Amino acid sequence: KGCPFYEQFRFNRLSDLEAKGPVYARALQAELVEEDDDFCMQIDAHTLFIEAWDVRILNEWGAAKNEYAVLSTYPTNVHDLHKNSNNHWEMPHLCHASFAGPGKVANGRASAAANLERPLLAPLWAAGLSFSRCHAERNVPNDINLKSVFAGEEYGRGARLWTHGYDFYSISRPIIGTYYGGEKGGGGSGRFDGKEIEASTKRLSTLLKWPNSDQSAEAWKELGSYGLGKRRTLEQYAEWSGVNTITSQIRQNCIVSYVPWIDKYTEYSEYEPIGKEIVKDSMWKRRGEDKKLAQNQKRLAKAGEASVSSSKYTNKALLVNLTIFVTLIGGGLCCLMSYIVRHFRRVVKPSISKYTL
């Protein structure tokens, strides 16, 4: 109340009884994203920003020179926001992980990348900071079916984003900071349901091709629009990230290179590189079509009003315009003839004699 920017906010309020864990909450945030929104950022609630953070993070994203760039890492500690860590600008860089049970991979503590001149390509995605074009949220939203999951789900979202063609980058300078440990001021743990945990574990295990997981056609069909992409493969991601959920092997892989897409074009119409990204979800498409229809009807109504109000003056305006046009043309011709007659010797004749052989 009293906030001058209140109208710019969109809210999705839930009671604690409706809560189903952080992944479920992040999935709901996609409902707040409108079709003409350009950039989206996901952060934790216990986060602070430095001055001009919006300009700075846009500059970071632009420096990646990648339409499918996702700036993602565990943010700097809030107490280090304005510090040049160890005098060479150390920045959090995610490249460590460990298995945390079937279907779950836990990101490890961030390593440090120093003296970066631009964002650094990273192998892992983090939920604490994710900044990208909004088509990442529309095309690869958080899985709303992963209920009662608190940790270990980030690798699954990262695998989906990467196989859909997105790339992760660590930022080069501190822009946002997070309260860690007891400073977060949390109010205790949430309510988790055993059956929901089991169902979520099965979904993640199928997605990541975990050993002994259900890889049937029915299980993959059940993933729906929350499956893997077709621009890269999960096997490629396992090799590239160093985290192989198929063979249960992990190795550190902090320095990575860009992996090209399998094919420039895919079966997904929304991935055509020409024009705007089209939303995969039918609900989004319907919302966009309804919005455009309403805008067109509004424009037509305005055009109709303008046409009615101006019709009585149309004939008179045309007559006046025609009179002015004829007068200007006639006057221009008279001036031209007068000029030619007076200056024939000085202008025309020298040019004729110049080309006489």
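The model is predicted: local features need pLDDT of at least 70, side-chain atom pairs count only at pLDDT 80 or more, and totals for chains, interfaces and linings use all residues. Residues are numbered from 1 along each chain as its sequence is written, and side-chain values use heavy atoms, with hydrogens and water left out. A search of the whole structure finds two disulfides. Three strands form an open sheet with mixed pairing. Helices (H or I, at least four residues) and strands (E, at least two) are DSSP runs, numbered from the N terminus.

**Disulfides**

- A disulfide is a covalent bond between the sulfur atoms of two cysteines. The cut-off used here is a pair of cysteine sulfur atoms within 2.5 Å.
- Counting bonded cysteines along the chain, the pattern is 1-3, 2-4.
- C40 and C134 form one link, with their sulfur atoms 2.1 Å apart. This C40 and C134 link is right-handed, with 105 degrees about the S-S bond.
- C40 sits in strand β1 (residues 39–43) and C134 in the loop between β10 (129–133) and α3 (135–139), so the pair ties together parts that are 94 residues apart in sequence.
- C40 is buried at 11% relative accessible area, and C134 is buried at 1%. Buried means under 20% relative accessible area, exposed means over 50%, and partly exposed lies in between (1.4 Å probe, protein chains only).
- C95 is joined to C254 by a disulfide, S to S 1.9 Å. The torsion about the S-S bond of C95 and C254 is about 65 degrees, so this disulfide is right-handed.
- C95 lies in the loop between β5 and β6 (97–99), and C254 in the loop between β14 (249–250) and α8 (282–342), so the pair ties together parts that are 159 residues apart in sequence.
- Both C95 and C254 are buried.
- C3 is partly exposed, with a relative accessible area of 36%.

**Sheet**

- The strand order of the open sheet is β2-β12-β4. Two strands pair if DSSP finds at least two bridges between them.
- β2 (47–49) and β4 are the edge strands, and each pairs on one side only.
- β2 and strand β12 (residues 176–178) run antiparallel and are joined by three bridges.
- T47 has T178 in β12 as its bridge partner.

**Nonpolar surface patch**

- F5, Y6, F9 and F11 make a nonpolar surface patch of about 440 Å².
- Patches are made of residues with over 30% relative accessible area and no salt bridge; like charges are joined within 9 Å, and nonpolar side chains (Val, Leu, Ile, Met, Phe, Trp, Tyr) within 5 Å.
- Accessible areas come from the Shrake-Rupley method with a 1.4 Å probe; for residues, only the protein chains shown count as cover.
- A salt bridge is a side-chain nitrogen of Lys or Arg within 4 Å of a carboxyl oxygen of Asp or Glu.
- F5 lies in the segment before α1 (22–29). F5 is partly exposed, at 48% relative accessible area.

**Positive phi angles**

- Most residues other than glycine have a negative phi.
- W89 is not a glycine, yet has a positive phi of about 50 degrees. W89 lies in the loop between β4 (76–77) and β5 (91–93). Its relative accessible area is 26%, so W89 is partly exposed.
- N115 also has a positive phi, near 50 degrees, in a residue other than glycine. N115 lies in the loop between β8 (111–113) and β9 (120–122). N115 counts as partly exposed, at 48% relative accessibility.
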